[in-house]
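Subject: The structure we talked about

Hi,

Here is the structure I promised to pass on. Have a look at it first, and then read my notes below with the viewer open.

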Amino acid sequence: MEENVAIEVRDVRKIYKLYDRPQDRMKEAFGFGKKKIHRLHYALNGVSFNIYRGETAGIIGTNGSGKSTILKIITGVLNPTQGQVNVNGRISALLELGAGFNMEYNGIENVYLNGTMMGFSEKEIDEKLPGILEFADIGDYVYQPVKTYSSGMFVRLAFAVAINIEPEILIVDEALSVGDVFFQAKCYHKFEEFKEMGKTIVFVSHDLGSISKYCDKVFLLNKGNLLGEGSPKKMIDAYKQVLVGQYELPSKNKELLEDDDLKRAASAALNGKNPDLLEYGTKQAQMLEYYVTDHQGLRTTAVIKGCEFTLHMKVKFNEHIPGPIFAFSFKNVMGTEITGTNSMIEKAFLESVEAGEVKEVSFTQKMSLQGGEYLLSLGVTGYNKDTFEVYHRLYDALNITVVSDKDTVGFYDMDSKVEVKDCKS
């Protein structure tokens, strides 16, 4: 292992046996029958990479791609089925909520528990305690059992412990996403301090804006396979292709996957569509297809802030409609309507259509929303004389991620041009 390598991962596989029924595991354990009744699931499939000292590395990928599994193996929570991981430096990890904490202990007791597990003496923990409590800022709750904490309070304490035990390598999973926005800003400021101190940071996040802003290098995982590594922009672009099933797997991984796994990996396992959307309408008109393309014309569910994107709808008309209106709107994850428009407001289509016609509708605009997650709703409506009618409406149909390395105040960016000049008093 090279001296300047902080984390070395070599051909790591994590394989689980999956059974259709609980009793099948028992049958196989006791040797009932000669036929194997399990199937193998590769949570990680021959993953190799290096993270160098002082780098901030991000790991991205769809749910189930192996992101959290590789972090647990690096931190020693899990053992690999095959392969090897070498770590050069003291690791502090903030994984899923609850990891490393005793739910019956209060906050103070858990600080000492975690410090002891990291090899610190009681005296050393005494010295670090004020800094931990100041950063966590949860008041007298620190004397209560952590099982009574909210998720936000829990992550405050856990992160405060993780950063104050003088780690050389800091590993953070998605846990920060449960903290409030002010605490998240505080944590990312700490990331900046760690970077300036030359420490190594590895974090998993679905917040592509943070990945783009803070990472020097990004690893892209999908279905247990490392699809690539490179700059944040390059890997985020590749991730967008994965989301719509347009990313070609490396040939060496194709050979390792079974046919069913290969099909799933190459398909749009996560295409951003909501299986629990609210759908209703008279169905006099129906949306047959809907999707978003980026500024390069590629289908995607991730749009880069400041770039153009296009919303597409393919609509079939089952009856004569005098003047259909095509519409879309964006909500944030709290359900607040942010923005939207329709073809009537834009004076883009005021014609009648006949039964059997199919129209392809597109809305093209610049993405000015702040980085984050949004829900896109779609509709085809109109007026029958003076009566407003909904022909087909899809609420929260698509999840759209806005990728940004510059978020301003509020819902959208004013895109201000700033100029500062010297003047004579």
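Predicted model: local features only at pLDDT ≥ 70, side-chain atom pairs only at ≥ 80, totals over all residues.

Let's begin with Phe388. Phe388 sits in strand S19, which runs over residues 387–403. What does it form together with Met344, Leu350 and Tyr383? The four make up a nonpolar patch on the surface, and their accessible area together is about 410 Å².

Next, go to helix H4, residues 122–136. Its 15 residues reach 20 Å from the first C-alpha to the last, close to the 21 Å expected at 1.5 Å a residue. Still, H4 has a kink of about 40° at Lys128, shortly before the proline Pro130. Which residues of H4 are buried? They are Ile125, Lys128, Leu129, Ile132, Phe135 and Ala136.

Two more spots to check:

- Asp11 is not a glycine, yet its phi is positive, about 50°. You'll find Asp11 in strand S1 (residues 5–18), and at 38% relative accessibility it is partly exposed.
- Lys283 is not a glycine either, and its phi is positive at about 65°. Lys283 belongs to the loop between strand S10 (278–280) and strand S11 (285–293), and it is partly exposed, with 30% relative accessible area.

Now for Asn106, in the loop that links strand S5 (91–94) to helix H3 (107–117). Is Asn106 buried or exposed? It is buried, because its relative accessible area is 15% and the cut-off for buried is under 20%. Its side chain has a polar atom 3.1 Å from the backbone nitrogen of Ile108. A polar atom of the Asn106 side chain also lies 2.8 Å from the backbone nitrogen of Glu109.

Last topic: salt bridges. How many does a search of the whole structure find? The search finds 14, and here are some of them.

Glu8 pairs with Arg10, with the closest N and O atoms 3.8 Å apart. Glu8 is buried at 14% relative accessible area, whereas Arg10 is partly exposed at 34%.

Lys305 and Asp413 form another salt bridge, and their closest N and O atoms are 3.0 Å apart. Lys305 is in the loop between strand S13 (302–304) and strand S14 (308–317), while Asp413 is in the segment after S19, so this pair ties together parts that are 108 residues apart in sequence. Both Lys305 and Asp413 are buried.

Then there is Asp415 with Lys417, where the closest N and O atoms are 3.5 Å apart. Asp415 is partly exposed, with 37% relative accessible area, and Lys417 is exposed at 70%. Lys366 comes in here too: salt bridges with shared partners join Lys366, Asp415 and Lys417 into one network.

Cheers

Technical notes: Residues numbered from 1 in each chain as written. Heavy atoms only, no water. Patch = residues over 30% accessible without salt bridge, like charges linked within 9 Å, V, L, I, M, F, W, Y side chains within 5 Å. Areas by Shrake-Rupley, 256 points an atom, 1.4 Å probe, with all protein chains shown as cover. Salt bridge = Lys/Arg side-chain N within 4 Å of Asp/Glu carboxyl O. Helix = DSSP H or I, 4+ residues; strand = E, 2+ residues; numbered from the N terminus. Expected span 1.5 Å × (residues − 1). Bend = angle between axes of the 7 residues up to and from the residue. Buried < 20%, exposed > 50% of the residue type's maximum accessible area, 1.4 Å probe, protein only. Polar contact = N/O pair within 3.5 Å; in protein donor to acceptor, adjacent residues only side chain to side chain.
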